[in-house]
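Subject: Structure handover and notes

Dear colleague,

Please find below the structure we talked about handing over to you. My notes on what was found in it follow directly after.

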Amino acid sequence: MLQHCSLLLLLCAAQLLSSSSALPFEQRGFWDFALDSLENNDMMTMMRDQGEGSAVEEIPTPDMPMCPFGCHCQLRIVQCSDLGLTEVPRNIPPDTKFLDLQNNRITELKENDFKGLTNLYALSVRNNLISKVHPKTFIPLKHMQKLYFSKNLLTAVPKNLPASLVELRIHENRIKKVAAGTFSGLGNMHCIEMGANPIQNSGFEPGAFKGLKLYYLRISEAKLTGVPKDLPDSLHELHLDHNQIQAVELEDLSRYRNLN
């Protein structure tokens, strides 16, 4: 009987281990601002690449890139949030894929702040004091797909965004105008979040969204009095809640046949 019970316990333990190992990777308490956007497949690939060969963490040698002072660097993720930084730190490893600079006091993005970071996939400068972005800031970031720029002091969408960009979150700034050609060359962009900006209908110049094939657009909590004109007809989701819209005319939405 005792032998039978022991065998049963071993089987139960094996079942528990098997089910737990099948759970998807989830990184809690790290980069919380984008957990709904991070791709598990990318993270698993990064973990697998790092794990091959040895489970022992390598000790940096003088010729290896160092982690910026005060930051945490692991699995090509560089986390420099909540450090009181007033500028982008130096010595960011060139193989960095995710760079987290949120919750600091950065006021400006300069020309060479991201020099050499050609592998960067996602950047967060959320909740800083950024009011100025150099026109050449993003030129090195040829593979960046996600940019989180919310809760800053921008008065305009930054210029020369990477052509590879897929997602832009720029809500809670001070943007009052989106000029024609602002998103020119961004044919890969699928998602723009720009709510909580003090923008009126007149702030969207004709051609502001020209060339975009957006699936998701949010302009909530703004100062709109009507549905903006000439939005991309590819839209699947359009969020205009918490504005000052009093009426929706028939022609306002007739062109958006893909809306869900």
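Lysine 229 and aspartate 252 join their side chains in a salt bridge, with 3.0 Å from N to O; the term stands for a side-chain nitrogen of Lys or Arg within 4 Å of a carboxyl oxygen of Asp or Glu. Because lysine 229 sits in the loop between strand S10 (216-218) and strand S11 (237-239), while aspartate 252 belongs to helix H3 (residues 250-253), the pair ties together parts that are 23 residues apart in sequence. Helices (H or I, at least four residues) and strands (E, at least two) are DSSP runs here, numbered from the N terminus. Lysine 229 is exposed, at a relative accessible area of 56%, whereas aspartate 252 is buried at 8%; buried is under 20% relative accessible area, exposed is over 50%, and partly exposed lies in between, computed with a 1.4 Å probe on protein chains only.

Please keep in mind that this is a predicted model, in which local features need pLDDT of at least 70 and side-chain atom pairs count only at pLDDT 80 or more, while totals for chains, interfaces and linings use all residues. Residues are numbered from 1 along each chain as its sequence is written, and side-chain values use heavy atoms, with hydrogens and water left out.

The structure holds nine salt bridges in total. One of them pairs lysine 146 with glutamate 167, whose closest N and O atoms are 3.6 Å apart. This pair links distant parts of the chain, as lysine 146 lies in strand S7 (residues 146-148) and glutamate 167 in strand S8 (residues 167-169), 21 residues apart. Glutamate 167 also meets arginine 169 in a salt bridge, at 2.5 Å from N to O. Lysine 146 and glutamate 167 are both buried, with glutamate 167 at 7% relative accessibility, and arginine 169 is buried as well, at 18%. Through shared partners, salt bridges join Lys146, Glu167 and Arg169 into one network.

Turning to the cysteines, the structure holds two disulfides, a disulfide being a pair of cysteine sulfur atoms within 2.5 Å. In one, the sulfur atoms of cysteine 67 and cysteine 73 are 2.0 Å apart, and the link is right-handed, with 80° about the S-S bond. Cysteine 67 is partly exposed at 31% relative accessibility, and cysteine 73 is likewise partly exposed, at 28%. In the other, cysteine 71 and cysteine 80 have their sulfur atoms 2.1 Å apart, and because the torsion about the S-S bond is about 120°, this disulfide is right-handed. Both cysteine 71 and cysteine 80 are buried. Counting bonded cysteines along the chain, the pattern is 1-3, 2-4.

Over residues 66-98 the chain is 0% helix and 21% strand, with the end C-alpha atoms 16 Å apart.

As for the sheet, nine strands form an open one in the order S1-S2-S3-S5-S7-S8-S9-S10-S11, with mixed pairing; two strands pair if DSSP finds at least two bridges between them. Its edge strands are strand S1 (72-74) and S11, each of which pairs on one side only. Within the sheet, S5 and S7 pair in the parallel sense over three bridges, and leucine 123 stands opposite leucine 147 in S7.

Finally, the structure holds four aromatic pairs: rings of Phe, Tyr and Trp (its six-membered ring) pair if their centres lie within 6.5 Å, and planes under 30 degrees apart count as stacked, over 60 as edge-to-face and the rest as tilted. The rings of phenylalanine 114 and phenylalanine 138 have centres 6.5 Å apart and planes at 10°, so this pair is stacked. Since phenylalanine 114 lies in the loop between strand S4 (108-109) and strand S5 (122-124), and phenylalanine 138 in the loop between strand S6 (132-133) and S7, the pair ties together parts that are 24 residues apart in sequence. Phenylalanine 114 is buried at a relative accessible area of 0%, and phenylalanine 138 is buried at 1%. Elsewhere, Phe183, Phe204 and Phe209 form one aromatic cluster.
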